[in-house]
Amino acid sequence: MLLVSFPTETLLLTRAAHPLVGSTGSEDPVTCDHALSAQIVVHGTRTYPASGDQHYDRSDRRHRLPGGQQAPVAQRAGRMSNRSCPTGRRGTPPMNRTTRRVLRAALAGILIALGIGFGAFNAWWVALVIGVPLVFTGLALTPRPSRISELDVWRRGTTKQAVPIEVSAITRSSLSADDLQPTLVTATVRPRNDTEYEARWITSMGKGHAQDLISAPFSTIPPDLLPRRSVREVPEFRDHPGVWAVVYPAITALVAGALVFGIPASTWHVDVDLTSVSLPGSGEPSSADKVAGLDERRHEVLAEVAKISPTASTNLLNINIDENGTSRAEVFDPTTGDAIRLSSSGGWSTSRSDTRLRKPDTFTAAEVAAVDLSAMFGTMEQQSRKSPEYRPEKKWNWVDLEIKRPERDQQVVITGGFGESIIASVDIEGRTDGTIAEFFDPADFATSFRLARPALAAAGLSEDAKVLERFEIRGIASNTPIIRAGQIQNSGGVLLEFTAPRRSGTITIAPGAFPQIREYPTSATSEGDFAFRDVSEAVFESVRAQAIRRGGVDAFDRDAVDIEMRTTSSILDYQLAILIEMADADGASGTYSPQGRFLRPQTY
C-alpha cells in the first residue's frame, strides 16, 4: 500500500502486489479518492532487476536490464516531459543555494548602505534620484525565506550516475495553490555498489512529480539530491525556513550598518552641483540670487506676522529662513502664554504650542526690518571660509538664517549657517547694527588672548583681579582632544570660569560667535585662584612646543590642541598647573607648572 496524504487532498493507492524483483504481469487497478478530482491512469508495468546495473534510456524512457532486456515503464495520461537540471547543464550541480542567498543578502546590504550614505550626506536631489532607488532596490533584493526556499527542488535522475529509489510514502503540505509544495518523502535508497537504506526527507515537489511517484514508486534521483543515511530526528514541515528567516535579514543589516558607520562622511559626498547649472527655462536661482532675496523674504515674514494680531509684530521670538524657500516665524502670545508658529511650506499656515519663553525673550519687527541682510551675509560668507570645513573645490553657500534673542535682555543676534549641503557646517553671528563676529582659530594663542581681554572687561572683571578658576583654549581641528567637558568641547574656542564676590559664571568665545557671559549670584565672598595676567601667552606656546617634542606630534597637527590652566585637585595637592593634550597623541599629554616646567605626563 502506498499512502499519500495532503492537507487539501487525500490519495490512497492500493496494490495487490507490487511488481517487485523478477515479477511480471500487470498491476491491479488503482483506486483514487481525490478531493480535486485528479485522474491517474496506469498504462503498463515496470520490472526491476534483483541485482546488477540499471540504465535509463531517455529516448524511449525505459529501464534497460542486464542482457539488453527492456522493462515497460508505467506512464500517466498526458506523458510528462523530462525535467532538466536548474542550471541548464545536465550533470552539473547548481551553485550552493545558501551561498547564493548569502551573497544576495550581502549585495542587498551594500545597495541599502549606498542609498543611505548618498542620501544623508548630499543635497536633497541626490537622496531623491540616487539614494531612494538604491534603498528600495536593496530591500527588494533581500532574500525572503519561505517554506520551500531552503529546500532542494525534486527532480528525477537522468544520467548514469542516478540512484534508484523506491518510494513508500509521500506527505505533501499544500497550504496554497502553488505547484511547488513541501513534500515529505519516505523511500528506500539503493546506491550503486553500496547497501540500501531507508530515508525520510523533505523536498520541494511539484504536483506532476507527486502524481508520477504515485503511479510509479520506483524512480531515480541525482547524486546531489541523495538524503543522508541517518537522521536523528524525523523532519517536520515547521522546520522550514527555520533560522534562515533571521540569518539573511541579519546579514543585510550587518553589511549595511558596517558600510554606513564605517565609511567616513566625506566619502559619500557627490561632487556634482546641479544647482549651479543654469538650464534653459528652469528658473532655478543661483546661490547669489538667493542671498540677494533675503531682504524680500524677511519682509514677507514680517507682513504675515502683522496679520496675526496688532501686538504680534512686537512679540517675535524667532525668524528662520532657509535656502530651500521655506520661511518660519514664532510669535509670543502675551494673553495666553502660547507660541504661535507660522510656516510658508505649502502656503502660509499657523499653529499653536506651549512655550517656556516669555516677554523678555521677544524682539520687535522694527529691530530687524532695516537690516541689510544681503550685505551682511556676503561678509558672513567670507568669515565662514576661514573654517577648516571649507574646501575651495567644493560648493560653499549659505544654508539658513535665524534671528532671535539668545538670552533674556541681550542683543538680538542674526545667525547665518554656511556649508556644502542642506546642513550648515559653520555658523556666523551678526547684530542688527551690522557688526559681525570674528571667525578665528583658537590654536592661534595670540588671537585667543586678544579676544579674551575685552570679553573679560564686558563681564566687569579686571585682568589683575584674582577671579579665574579655569582658562582653557581648545582648537577646532577635527582630531582635537578634550581634556575636560565644558561649553567649548564641541565648538572649540576660549573658556573662562570665574568666581568673584557675590557672583560666579563663565565666559565663552566660540569661532564665529559673540562672547557669551553667563553669571549667577552667590552668597560667597571668596575669589578665584588666579588673575588673567598670571596666564602667559608665551608660556602656553612653550608648553605646546614641549608637548610636540615629547609626543612626536606632526607639524600639521600643531593646531589640534587643548590647553588649560586651573587648580588641580588630585595630582599636585591643589596647586595651580597647566594641562595640555594634542592630536590624540598619548605622549603629548602632560602637566606643567604655571611657569612652563614639565611636571608629569598625565593630565589627571
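Biologist: Is glutamate 196 buried, partly exposed or exposed?
Modeller: This is a predicted model, and in it glutamate 196 sits in the loop between strand 7 (181–189) and strand 8 (197–205). Buried would require under 20% relative accessible area and exposed over 50%. Because its relative accessibility is 47%, glutamate 196 counts as partly exposed.

Biologist: Which side chain makes a polar contact with the side chain of glutamate 196?
Modeller: Leaving aside neighbours within four places in sequence, glutamate 196 is in contact with Thr188, Val189, Arg190, Pro191 and Arg229. One of these residues, at 2.9 Å, makes the polar contact through its side chain, namely arginine 190.

Biologist: How far apart are the C-alpha atoms of glutamate 196 and proline 164, and which residue is the bridge partner of proline 164 in strand 9?
Modeller: Glutamate 196 and proline 164 are 32 residues apart along the chain, and their C-alpha atoms are separated by 9.8 Å. Strand 6 (residues 163–172) runs antiparallel to strand 9, and four bridges join them. In strand 9, proline 164 has as its bridge partner threonine 220.

Biologist: Which residues of strand 9 point the other way from Phe218 and Thr220?
Modeller: In a regular strand the side chains alternate between the two faces of the sheet. In strand 9 (residues 218–221), where all four named residues are buried, Phe218 and Thr220 point one way, and the other way point Ser219 and Ile221.

Biologist: How far apart are the end C-alpha atoms of helix 2, and where does its kink lie?
Modeller: Helix 2 (residues 124–141) has 18 residues, which at 1.5 Å a residue should span 26 Å, and this agrees with its end C-alpha atoms, 25 Å apart. The kink is about 35 degrees and comes shortly before proline 133, at glycine 131.

Biologist: Which strands stand at the edges of the open sheet of eight strands?
Modeller: The order of this sheet is 20-19-18-17-21-22-23-24, with antiparallel pairing. An edge strand has a single partner strand, so one side of it is left without a neighbour in the sheet, and this holds for strand 20 (516–521) and strand 24 (598–600).

Biologist: At about what angle does helix 10 run to strand 23?
Modeller: Helix 9 (residues 445–458) packs on the sheet, and its direction makes about 140 degrees with that of strand 17. Helix 10 (residues 537–551) lies across strand 17, strand 21, strand 22, strand 23 (585–592) and strand 24, and its angle to strand 23 is about 145 degrees.

Technical notes
Residues numbered from 1 in each chain as written. Predicted model: local features only at pLDDT ≥ 70, side-chain atom pairs only at ≥ 80, totals over all residues. Heavy atoms only, no water. Buried < 20%, exposed > 50% of the residue type's maximum accessible area, 1.4 Å probe, protein only. Helix = DSSP H or I, 4+ residues; strand = E, 2+ residues; numbered from the N terminus. Pairing = 2+ DSSP bridges. Expected span 1.5 Å × (residues − 1). Bend = angle between axes of the 7 residues up to and from the residue. Contact = heavy atoms within 4.5 Å. Polar contact = N/O pair within 3.5 Å; in protein donor to acceptor, adjacent residues only side chain to side chain. Axes fitted to C-alpha atoms, helices over the stretch in contact; angles between N-to-C directions.
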